[in-house]
Amino acid sequence: MKTFFELMDEVLDKTVLFGYDRIGYSIRKQLWNETETQVSMTDKIAIITGANSGLGRATSLHLAQSGATLYLVCRNPKSGEMVRQDIIESSGNWKVFLEITDMSEPQQIKAFAKRFQSMESRLDILINNAGVLLNKRQENSEGLEKTFATNTLGYFLMTNLMLPHLLKSEAARIINVSSGGMYPVAVQLDDPQYHTRPYNGVTAYAESKRAEVILNEIWAHDLENQNVIVSAMHPGWADTKGVQNSLPTFRKMTQAILRTPEQGADTIIWLATNPHLTKQDSGQFWFDRKPRSIHRSLKTQHTREQAQKLWKLCCELGDWNGPYPII
Ligand SMILES: NC(=O)c1ccc[n+]([C@@H]2O[C@H](COP(=O)([O-])OP(=O)(O)OC[C@H]3O[C@@H](n4cnc5c(N)ncnc54)[C@H](OP(=O)(O)O)[C@@H]3O)[C@@H](O)[C@H]2O)c1
C-alpha cells in the first residue's frame with residue numbers, strides 16, 4: 001500500500017503549481033534517503049557547465065564538499081574565479097579548477113575538450129547545466145541562434161566530445177539539466193533557430209529543453225552496453241539569476257514559494273552521487289528523485305525519424321563528424 005507521502009507525490013505531479021515549488025520539495029523530501037547524497041566522491045572527476053550561478057553553483061559546492069575533482073566550466077572569468085575561490089574556501093577542497101568556455105560557441109567547447117583530455121585520463125561525471133532563456137533573439141559568433149546553440153548544441157557537443165573519456169571511467173554518469181518548461185512543446189525541426197518564425201523566448205527555451213530530453217534518450221540507447229548512466233532531470237522552480245533576469249514577472253508572483261538553488265539542485269546532486277542508481281535507471285527523466293514521463297500530452301510525442309533528424313541537425317550545425325548512433 002502506498003504511504004501518504006507517495007500518494008501526495010502523485011497528486012503534486014499533476015498539479016505543477018504545488019509540485020514545482022518549495023512545498024512540493026518539502027513533501028517529497030519525506031520520501032528520501034538523505035544518506036544517498038552523503039557519499040565520498042574523492043575518487044571522482046566531474047565537469048559542470050554553468051557552475052558560477054544558481055543550480056550549477058549549488059551542485060558544485062556539494063560535489064566539492066564530497067571531495068570530487070571539479071572542473072567548473074563558465075563563460076565569465078571574473079564570476080567564475082570568485083565562485084571557484086568561494087567553493088575552495090567553503091569546502092576545503094583545492095581540486096576545483098576553472099575553465100573559461102562559452103557554451104554557445106562550438107569552437108570553444110571543442111578547445112575545452114582538447115584541454116581537458118590533455119589534463120585528465122578519464123571523466124566520471126558530466127553535468128550539462130549551462131542554460132539560457134533569452135527574451136530577444138541573439139546569435140553566437142557563427143550566426144546560430146543562442147538558445148539553441150547553448151541549451152541543445154552545447155549539451156550535444158560537450159557530451160559527444162567527452163564520451164571517449166567517460167568510457168574510460170569505471171562507472172560514468174551524464175546528467176542533462178532540462179526543464180519542466182518543455183512539457184507543452186514538441187520537438188521543433190523545421191525552424192529551430194527562428195529564421196522564419198517570430199521569435200518567442202519562452203517557446204525557444206522550451207523547444208531547446210525538449211531537444212535535450214530527446215538527446216538524453218539517444219545517448220542512453222546508444223550507450224546501453226557501456227558503463228555509463230545517462231539521466232535528464234528538471235529542477236522544479238528555483239529562485240536563481242536565470243529566473244530573476246528572464247522571467248521577472250513570474251518571479252515576482254512566485255518568489256515566496258520558489259525553491260532555493262540548493263533545493264532545485266537536489267536531484268542533480270542525487271543523480272551524481274547516489275550509489276544505488278543502476279544501469280536500469282539510464283535514460284530516465286527525473287524530478288525530485290523519481291523518474292517522470294517526458295510527456296504530458298500525446299501532442300508532444302516524437303518519432304524515431306524525428307530523433308534521428310535532430311541528431312543529424314546537431315551534427316551539421318556543430319560540425320561534428322563523430323559516430324552516428326543507431327536509434
Ligand atoms: N531555476 C529554475 O527554476 C530552472 C527551472 C528549469 C530548468 N532550469 C535549468 O537549470 C539550469 C541552470 O539554470 P539556473 O536556474 O541555475 O540559472 P542561472 O543562475 O542563470 O545559471 C545558468 C548558468 O548557465 C551559464 N550560462 C548561460 N549561458 C552560457 C554560455 N553560453 N556559456 C557558459 N555558461 C553559460 C550562466 O553563466 P553566466 O553567469 O555567465 O550567465 C550560469 O552560470 C539551466 O539549464 C536552466 O534551464 C532552471
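Helices α6 and α7 are roughly parallel to each other, a label given to angles under 35 degrees, while over 145 counts as roughly antiparallel, 65 to 115 as roughly perpendicular and the rest as oblique. Their axes come within 10 Å and cross at roughly 20 degrees. Here, axes are lines fitted to C-alpha atoms, for helices over the stretch in contact, and angles run from 0 to 180 degrees between N-to-C directions.

Before going on, please note that this is a predicted model, in which local features need pLDDT of at least 70 and side-chain atom pairs count only at pLDDT 80 or more, whereas totals for chains, interfaces and linings use all residues. Residues are numbered from 1 along each chain as its sequence is written.

You can find α6 at residues 106-119 and α7 at residues 146-166. Helices (H or I, at least four residues) and strands (E, at least two) are DSSP runs, numbered from the N terminus.

Eight strands form an open sheet with mixed pairing, in the order β3-β2-β1-β4-β5-β6-β7-β8. Two strands pair if DSSP finds at least two bridges between them. At the edges lie β3 (96-100) and β8 (290-292), each pairing on one side only. Strands of a sheet pair through backbone hydrogen bonds, either parallel or antiparallel. For a parallel example, see β4 (residues 125-128) and β5 (residues 172-177), joined by four bridges. Within this part of the sheet, Ile125 stands opposite Arg173 in β5. Helix α7 packs on the sheet, touching β1, β4, β5 and β6, and its direction makes about 180 degrees with that of β4.

Finally, find the ligand. Of the 30 residues around the ligand, Gly50, Gly54, Gly131, Thr240 and Gly242 come nearest; a residue is near if its C-beta atom, placed from the backbone, lies within 6 Å. Helices α4 (54-65) and α9 (241-246) each supply at least two residues of this shell.

Note on methods
Two residues are in contact if their C-beta atoms, placed from the backbone, lie within 7 Å.
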